[in-house]
Amino acid sequence: MASYTAQVNTIHKKFNNAVKKAKTKKSLNKAYSVHKKEHERLLKKHLKEEMAMINKAKKKLD
């Protein structure tokens, strides 16, 4: 699995390409909306993985 940073860079690259290709305000808004949803999804997944890691470490300490 790719690292969180690599995944964020991929999302940003796709977003930047979409902004460069956009010809209307509507297409810019759509590009941003898609980008934001991807970010939120990725962040949620990342934080879930980190919480699992923390819980695992807490269990070892008990």
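**Figure 1. Histidine 35 is a buried residue of helix α2.** In this predicted model, histidine 35 has a relative accessibility of 8% and therefore counts as buried, the limit being under 20%. The residue lies in helix α2. Leaving aside residues up to four places away in sequence, histidine 35 touches Ile11, His12 and Phe15.

**Figure 2. Isoleucine 11 is a buried residue of helix α1.** Isoleucine 11 is found in helix α1, and its relative accessibility of 9% places it among the buried residues. Which residues does isoleucine 11 touch, not counting those up to four places away in sequence? They are His35, Glu38, His39 and Leu42. A further distance can be followed from this residue: isoleucine 11 and lysine 44 are 33 residues apart in sequence, and their C-alpha atoms are 15 Å apart in space.

**Figure 3. Helices α1 and α2 pack against each other.** Two packed helices are described by the angle between their axes and the distance between the axes. For α1 and α2, the angle is about 175° and the axes are 9 Å apart. The two helices are therefore roughly antiparallel, since the angle is over 145 degrees. On the α1 side, the contact is made by Tyr4, Gln7, Val8, Ile11, His12, Lys14, Phe15, Ala18 and Val19. The α2 side contributes Leu28, Ala31, Tyr32, His35, Glu38, His39, Leu42, Leu43, Lys45 and His46.

**Figure 4. Lysine 14 and glutamate 38 form a salt bridge.** Side chains of opposite charge can pair when their charged atoms come close. The structure holds one salt bridge, in which the closest N and O atoms of lysine 14 and glutamate 38 are 3.1 Å apart. The pair links distant parts of the chain, 24 residues apart: lysine 14 belongs to helix α1 (residues 4–21) and glutamate 38 to helix α2 (residues 25–61).

Methods. Residues numbered from 1 in each chain as written. Predicted model: local features only at pLDDT ≥ 70, side-chain atom pairs only at ≥ 80, totals over all residues. Heavy atoms only, no water. Salt bridge = Lys/Arg side-chain N within 4 Å of Asp/Glu carboxyl O. Helix = DSSP H or I, 4+ residues; strand = E, 2+ residues; numbered from the N terminus. Axes fitted to C-alpha atoms, helices over the stretch in contact; angles between N-to-C directions. Parallel < 35°, antiparallel > 145°, perpendicular 65-115°, else oblique. Contact = heavy atoms within 4.5 Å. Buried < 20%, exposed > 50% of the residue type's maximum accessible area, 1.4 Å probe, protein only.
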